[in-house]
Amino acid sequence: MLLRNLAFAAASLTASLVAGQSQRCDNDPGGTGFCFETYFDSVYGAQYGWIFPPTGDATYKNEFIGQFAIPIAGLWAGITLGEGMNGNLLIAAWPWDGEILGSTRQATDYVQPTQYVGPTLTTLATTINSTHWKWTYRCQNCTTWTINGVAGSVDPTTESVFGWAYSTTGLVTPSNAESNMLEQHDDARLWAFNTPAAISSNYAAYITGGSTTTSTKATSTSTTKTSTTSVGPTVSATPYDYVVVGAGDAGLVVADRLTQNGKNVLLIERGGPSTWNTGGDDLAPWLTGTHLTRFDVPGLFEAMFDASDPYWWCNDISVFAGCLIGGGAAINGALYWYPPDVDFGTANGWPAGWQTPDSAYAALEARLPSTETPSPDGKQYLTQVFTVVQSLLEPQGYTQAVINSNPNFKDHVYGHPAFDFVGGQRTGPMATYFQECSVRLVQTAKARSNLTFWQWTYVTGLVRTGGTITGVRTNYTAYGGNGIVPLTAKGRVILSAGAYGSARILFASGIGPTDQINNVLANAQFGPNLPPSSQWINLPVGYYASDNPSINYDNWAPIWADPRAADAAQYKANQTGVFAGPSPKLNFWTTVTASDGSLRYMQGTARPGASSVTTVYPYNASNIFTITVYLSNGITSRGRIGIDDTMYMSVITNPWFQDPEDKTAIMTGINTLLTSVPSVPGLTLITPDNTTTMTEYVNNYPPATMDSNHWTGTSRIGTSPSTSVVDANTKVWNTTNLFVVDASIIPGQPMGNPHAMIMVVAEVAVPKILALAGGA
């Protein structure tokens with residue numbers, strides 16, 4: 001368990017683009033053939049596309065071509081051309097009586113939007129079939145507007161923030177394009193849109209000759225009506241030996257090792273690119289002209305939590321989780337600790353056959369070694385914190401070490417943090433298991449012809465007959481006409497979607513506690529896809545959730561837009577210096593014995609600055625540092641996560657301090673740590689200060705701030721279906737061909753940040769899965 005913000009002041013201390021988006025050409029039968037820059041909503045399976053005319057084109061000024069492609073369950077959908085509904089031009093559309101109606105709207109508060117007069121909507125093409133409705137339209141006089149006296153606009157030459165709204169509840173008068181909605185939308189989200197990528201030299205050709213259905217051009221109003229075109233399947237469904245769901249820490253390792261063994265693999269990721277090497281292009285303003293995205297630069301990690309449009313977080317989960325290539329590995333602090341033997345011990349919940357996985361360790365280290373010097377020049381930066389905390393620890397018998405050189409030494413040890421950066425850049429499994437990078441060339445999964453990779457594809461559940469999975473259901477409904485990916489005769493599915501994502505898919509497939517499956521059943525879109533209740537598989541999915549909190553780095557967040565000039569110039573020139581690493585500067589471990597005699601390990605991380613300071617003491621903000629302490633291996637508290645009838649995943653029972661012995665242990669560890677403070681000249685504990693005892697500080701610590709997103713255990717491994725979800729081979733109990741390989745199967749908290757632990761789990765799991773009889 002972590003207690004954040006043990007802040008100290010030391011007299012000598014100083015501190016030195018676009019998600020969900022790609023081009024999609026409308027080549028469906030009856031389609032327009034137009035190539036749209038398209039945003040893919042992975043939650044509902046909707047798509048929203050744009051085409052803008054060439055910059056400076058006087059003929060087609062102040063307009064664009066747009067497209068909605070919405071699942072048939074969506075009774076209306078809408079977009080906003082700005083950061084929120086208020087004060088921005090809105091466009092709403094819906095199918096009615098074989099036609100699609102559209103209108104432009106405005107809002108000055110969070111109430112029913114009203115008609116906005118001025119734009120002209122022209123329908124260019126429509127499609128309505130059993131699965132989707134699609135509307136292609138021209139929007140003239142639509143890139144500038146004035147609402148309530150305030151001007152707004154879209155500049156196609158710069159990145160925009162757009163939003164979508166989606167509803168399964170209809171309208172008061174659906175035959176009227178200006179009708180009010182019966183209820184507020186089911187959901188609405190914002191995203192960053194790479195508007196320049198939507199500028200097309202083909203714009204004029206699309207307008208003058210691109211319509212595939214008869215269109216009615218609006219003159220005085222924005223209402224249009226068109227004919228209907230039915231379409232069938234557009235992509236034949238190919239069966240796969242293995243479908244791996246989730247391209248994160250575990251999924252990328254699994255896909256790499258399966259393809260290395262000759263298996264025909266489909267890897268599905270609900271998000272999109274992260275690092276430049278994976279297709280990302282989200283660059284900080286000061287890195288223009290480079291190939292260094294926010295995900296490539298280690299020092300930009302802290303800015304992940306302070307962005308205006310954090311599109312990389314999953315939007316159907318209540319905690320931080322990465323929905324992009326790399327998953328957590330693309331957005332975490334990249335602290336990279338090789339797990340000690342006790343992490344895989346039977347005392348930590350692992351079944352026989354998982355102990356001392358030496359070959360897996362060797363495979364991971366060979367592919368992705370750790371480093372204590374993330375800057376390629378071999379220098380340590382901002383070392384003042386290390387020096388001060390070293391003075392705090394050595395009087396208590398701590399020994400300095402290269403921590404990953406002896407993973408089993410975790411009592412009274414400290415050292416520099418270990419990372420998995422290469423060349424001053426984030427690499428992780430993205431560049432070492434998935435795709436080659438310029439600084440570390442190895443053959444990886446994407447280089448092999450037997451890997452198929454889908455991004456921006458949302459898995460909504462599994463198709464199964466009893467315990468046998470026959471397909472994977474996705475929002476890519478053009479695939480086979482229904483979005484279902486079939487398996488070969490001996491095919492298998494491996495869920496690697498994370499502690500929350502894999503649980504969601506299991507719930508949506510009728511696997512888990514009855515109360516959670518009933519929540520899915522109540523959802524109009526997902527409920528009908530559940531197997532009959534007689535085939536529900538009752539397993540403790542979501543139970544035994546474990547987490548230890550981590551660090552906030554809000555004090556580093558401004559470097560996204562306003563870094564220190566010298567540091568920025570150095571990193572941009574050769575990827576060295578302060579920004580070649582994130583803010584942790586020292587880590588330590590010790591053991592703590594609770595009052596019941598049980599042993600727990602306590603980890604500490606020290607960094608410059610503080611995310612928040614509450615103190616009566618005066619202090620210099622440039623002279624403070626923070627030590628974060630949390631319990632890891634040996635923690636006994638557990639919680640529960642679950643799903644509601646909107647398919648939103650959240651915490652049901654917090655996993656922190658459920659066992660009072662955990663609180664006792666961390667209190668003992670903190671108090672012991674603080675005994676050395678008086679021996680360090682000029683060092684003062686300012687949070688908590690002298691008005692708050694440590695007991696009060698711990699007891700009043702807000703549970704909501706203890707969340708580290710080191711979630712494990714929600715589909716935990718074990719020896720019995722009454723207390724676990726997967727068996728010793730990671731196969732889901734009472735199924736024949738369904739596996740889970742990710743953080744969710746880890747039964748007990750690992751010793752350190754779980755980044756490396758998850759990859760080791762995947763390295764161990766794949767040989768076990770391949771060795772099982774009956775598989776492809």
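In which sense do strands β27 and β28 pair, and over how many bridges? They pair in the antiparallel sense, over 8 bridges. This is a predicted model, in which local features need pLDDT of at least 70, side-chain atom pairs count only at pLDDT 80 or more, and totals for chains, interfaces and linings use all residues. Residues are numbered from 1 along each chain as its sequence is written, and side-chain values use heavy atoms, without hydrogens and water.

**View 1. The hairpin of β27 and β28.** Strand β27 spans residues 586-593. Strands are DSSP E runs of at least two residues and helices are H or I runs of at least four, numbered from the N terminus. Two strands pair if DSSP finds at least two bridges between them. T591 stands opposite Y601 in β28. The hairpin has 5 residues between its strands. In the turn, G597 has a positive phi of about 90°.

**View 2. Strand β28 and its partner β29.** β28 covers residues 599-608. β29 (residues 624-631) runs antiparallel to β28, joined by 7 bridges. T605 has T628 in β29 as its bridge partner.

**View 3. Helix α9, residues 565-574.** D567, A568 and Y571 are the buried residues. They lie on the same side of α9 because they cover an arc of only 95° around the axis, taken from the directions from the helix axis to the C-beta atoms. These buried residues pack against β21 (425-426), with contact meaning heavy atoms within 4.5 Å. The face turned away from the buried side carries exposed A565, A566 and A573. Just after α9, Q575 takes a positive phi of about 60°.

Conventions: Buried means under 20% relative accessible area, exposed over 50%, partly exposed in between (1.4 Å probe, protein chains only).
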